[in-house]
Amino acid sequence: GPHPLWVLHLQFAAPEDLIGAGIHYVPKEGWGGYGSIWLSTTNIAEDAFYYESLTTGDIQRLGGEELSREDQWGGGRFGLTRRLGRQTYAYGGVGLMRGRRYVEYRFEPPLAAPDRTLWVDDDPRDSMKGVVEIGFVFYTEGGIAFSLAAGTDPVGICFGMGFGTRL
């Protein structure tokens, strides 16, 4: 019959560029648990002209033209696992994600970089979102686990691979 499992997962999300790591415990039968942490993989370049003290409203009043937006998220999730069969289990849970939004503008020097761009924080500066996710895992006899999940914004679609051990 099935054995209890401990599985460590590395997962990626889309459309937000997130990477996550989680640990799942799956008993022989019944309910287990899991937890995960997530971070954005995108960052503003270190040499970008960034102004923490200016707002998007300031730049728009001064004639800046919006070029792009960048959302950066971080947070965690926890929940339950449930064995479905010898090599399959499901998981679902809730969590919190904290985000910051940055906006890139085209703007005339002297505030802007030589390429006439600069980055500012978007208002409101910080946001906290509750998230819900549900996923499915196929666990091979060789100890490799493949996962697919979906969740509320900014979770999106998550896919990944893990390695586990039978107890």
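Colleague: In which strand is the place of S147?

Modeller: S147 belongs to strand β9, residues 144–151. Strands here are DSSP runs of E with at least two residues and helices are runs of H or I with at least four, numbered from the N terminus. This is a predicted model, in which local features need pLDDT of at least 70, side-chain atom pairs count only at pLDDT 80 or more, and totals for chains, interfaces and linings use all residues. Residues are numbered from 1 along each chain as its sequence is written, and side-chain values use heavy atoms, with hydrogens and water left out.

Colleague: Why does S147 count as buried?

Modeller: S147 has a relative accessibility of 6%. Buried means under 20% relative accessible area, exposed means over 50%, and partly exposed lies in between, with a 1.4 Å probe and protein chains only.

Colleague: What makes the pair of S147 and Q11 a polar contact?

Modeller: The distance between these two side chains is 3.1 Å. A polar contact is a pair of N or O atoms within 3.5 Å; within protein, one must be able to donate a hydrogen and the other to accept it, and residues adjacent in sequence count only if both atoms are side-chain atoms. At 3.1 Å, S147 and Q11 are within the limit.

Colleague: How do you know that T56 is buried?

Modeller: T56, in helix α1 (residues 56–61), has 9% relative accessibility and therefore counts as buried. The side chain of T56 makes a polar contact of 3.4 Å with that of D122.

Colleague: What makes R69 and D122 a salt bridge?

Modeller: The N to O distance between their side chains is 2.9 Å. A salt bridge is a side-chain nitrogen of Lys or Arg within 4 Å of a carboxyl oxygen of Asp or Glu, so this pair qualifies. R69 lies in strand β5 and D122 in the loop between β7 (117–121) and β8 (127–139), 53 residues apart. R69 is partly exposed at 42% relative accessibility, whereas D122 is buried at 10%.

Colleague: How far apart are the closest N and O atoms of D71 and R101?

Modeller: The closest N and O atoms of D71 and R101 are 2.7 Å apart, and the pair forms a salt bridge. D71 is in strand β5 and R101 in strand β6 (residues 88–106), so parts 30 residues apart in sequence are tied together. R101 has a relative accessible area of 33% and so counts as partly exposed.

Colleague: Why is E70 said to have no salt bridge?

Modeller: Lys and Arg count as positive and Asp and Glu as negative, while His and the chain ends are not counted. The nearest side chain of opposite charge to buried E70 is R101, 9.9 Å away. That value is not within the limit, so E70 has no salt bridge. The side chain of E70 does join that of T42 in a polar contact of 2.4 Å.

Colleague: How many cavities of 30 Å³ or more does the structure hold?

Modeller: The structure holds one. On a 1 Å grid over the protein atoms alone, a cavity is a set of points where a 1.4 Å probe fits but cannot get out, and lining residues have an atom within 4 Å of a point. Grid points are joined across faces, edges and corners, and the volume is the space filled by probe spheres set on the points. The volume of the largest cavity is about 80 Å³.

Colleague: Which residues line the largest cavity?

Modeller: The lining consists of G1, P2, H3, L5, R83, R86, Q87, Y139, T140, E141 and R166. By class, three are nonpolar, four polar and four charged. Ala, Val, Leu, Ile, Met, Phe, Trp, Tyr, Cys and Pro count as nonpolar, Asp, Glu, Lys and Arg as charged, and the others, Gly among them, as polar.

Colleague: Why does L5 count as buried?

Modeller: L5, in strand β1 (residues 5–14), has 3% relative accessibility and so counts as buried. L5 and T165 are 160 residues apart in sequence and 5.7 Å apart in space, C-alpha to C-alpha.

Conventions
1 Å grid on protein atoms, 1.4 Å probe; cavity = no way out; pocket = protein on both sides within 12 Å on 5 of 7 lines; lining within 4 Å.
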